[in-house]
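Keep the sequence and the model side by side as you read. We will take the parts one by one.

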Amino acid sequence: MYKEFLVSPGPTCVPPDTLLLMANPLYHHRTERFDELFYQTSEKLKKLFKTKEDVYILTSSGTGAMEASFVNLINKNDKIITINAGKFGERWTDFAKRYGAIADEIEVEWGKSVDISIIQEKLKNDKDIKAVFVQHSETSTGALHDIKSIASITKNTDTLLIVDAITSLGVHPLEMDEWGIDCVVSGSQKALMLPPGLGLISLSKKAYEASKNVTTAKFYFDLESARKNLAKKTTTFTPATTLIIGLNDILDKLFNEGLENVYARHENIALATRSGCDALGMKLFAENPSNGVTSALAPKGIEGKKIKSTMEKKYKISIAGSQDVPKADIIRIGHIGYYDKSDIVVTLSALEFALKDLGHEFEFGVSLIEAQKVLYKGTK
Ligand SMILES: *Cc1c(COP(=O)(O)O)cnc(C)c1O
């Protein structure tokens, strides 16, 4: 018997009917038919980003969209603030190093969320800071940053706020225009329930104006070129047609369910997963956890990577391990996108099997009992 199940925080499960749609024979992208689909999909993305601005669909993984934000908004020697609360936050500082920007990195203890007053203080003391780069949901630790509050600091200043929303867009409420975020970045293989391969990005008017004075070398990720082509309902280079066909379908699914219901579903299954881990004596790692991923410490004496490999090899359930988190041994369970109540039951059951195999002592079913109580509330 070989039945696999993916519960990682990306890539995530793709709805089977969307997969079938993407298996249809290809058609050419320089056609009226594709132009229309592309344009409609881009329009629908505005509803998800909660913006009136263009959303560009790039052919790249999420990091490509992160890089696009950087090369279109930052010049060499620009001063920026980067928030390093995990593996993905670290990446902003890496961009700064490569492109010669001057990064004032706020190092946050991994598992924690950034203290807003530190950002406030830095921006008050230095008016030349061009931009703040942050994750909404730091997938490597499972922590959520308070973007609305950060945006309230940058909103009426010249400083830009760039948010990596790769595991939050479609999981947590995010209001690009209303909160005053200047750039939102996302990708296909997380909450958008698609295979990897699309990067998404939108710029506020403030960011667009700033981009006109940026001379950093770029070719593939030149958003001015994307902007001109989107106005003609097309792309500069060959788009990932198959994934865009899938994305169009996924956006319909999200709006049919209703974004508020989508957020509530994620909250419910996240709460249930946390209760399940807690019942097994696995402490939560993130102080202010994201509803997209549950990170929990392996029980004393048991290695996190053994839990992950046992679940994967013996029980065919793929969770994620630690992404270089220092001094803490964590596992990460993803519940982003195409997941519902029963998926959490299956996952916790396999987690219990693996923990039993590895010698952890607990009563079978304890995590399921606690999770089910929470999940049942979500049916009301
Ligand atoms: C997945 C992810 C990325 C992008 O990673 P890719 O491998 O390039 O798609 C960036 N930031 C966060 C928070 C992520 O979860």
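Which residue is the bridge partner of Cys183 in β10? That partner is Leu203. Before going on, note that this is a predicted model, where local features need pLDDT of at least 70, side-chain atom pairs count only at pLDDT 80 or more, and totals for chains, interfaces and linings use all residues. Residues are numbered from 1 along each chain as its sequence is written, and side-chain values use heavy atoms, with hydrogens and water left out.

Start with strand β9, residues 183-187. Helices (H or I, at least four residues) and strands (E, at least two) are DSSP runs, numbered from the N terminus. Two strands pair if DSSP finds at least two bridges between them. β9 pairs with strand β10 (residues 198-203) over 5 bridges, in the antiparallel sense. Strand β8 (residues 160-164) is joined to β9 by 3 bridges, and these two run parallel. Here Cys183 in β9 is the bridge partner of Ile162.

Is β9 covered or open? It is mostly covered, with 5 of its 5 residues buried. Buried means under 20% relative accessible area, exposed over 50%, and partly exposed in between (1.4 Å probe, protein chains only). In a regular strand the side chains alternate between the two faces of the sheet. In β9, Cys183, Val185 and Gly187 point one way. Val184 and Ser186 point the other way.

Now follow the loop between β9 and β10, where you find Ala191. Ala191 is buried, with a relative accessible area of 2%. Contact means heavy atoms within 4.5 Å. Leaving aside neighbours within four places in sequence, Ala191 is in contact with Ile166, Leu169, Gly170, Val171, Ile336 and Gly337.

Gly304 lies 113 residues from Ala191 in sequence and 25 Å away in space, C-alpha to C-alpha. Gly304 belongs to helix α12 (residues 304-313), whose buried residues are Gly304, Ile307, Thr310 and Met311. These sit on the same side of α12 because they cover an arc of only 130° around the axis. The arc is that of the directions from the helix axis to the C-beta atoms. The face turned away from this buried side carries the exposed residues Lys305 and Lys313. The buried residues of α12 pack against β12 (317-318), β13 (330-334) and α13 (341-357).

Last, look at α5 and α6. Ile116, Ile119, Gln120 and Leu123 in α5 meet Ser149, Ile150, Ile153 and Thr154 in α6.
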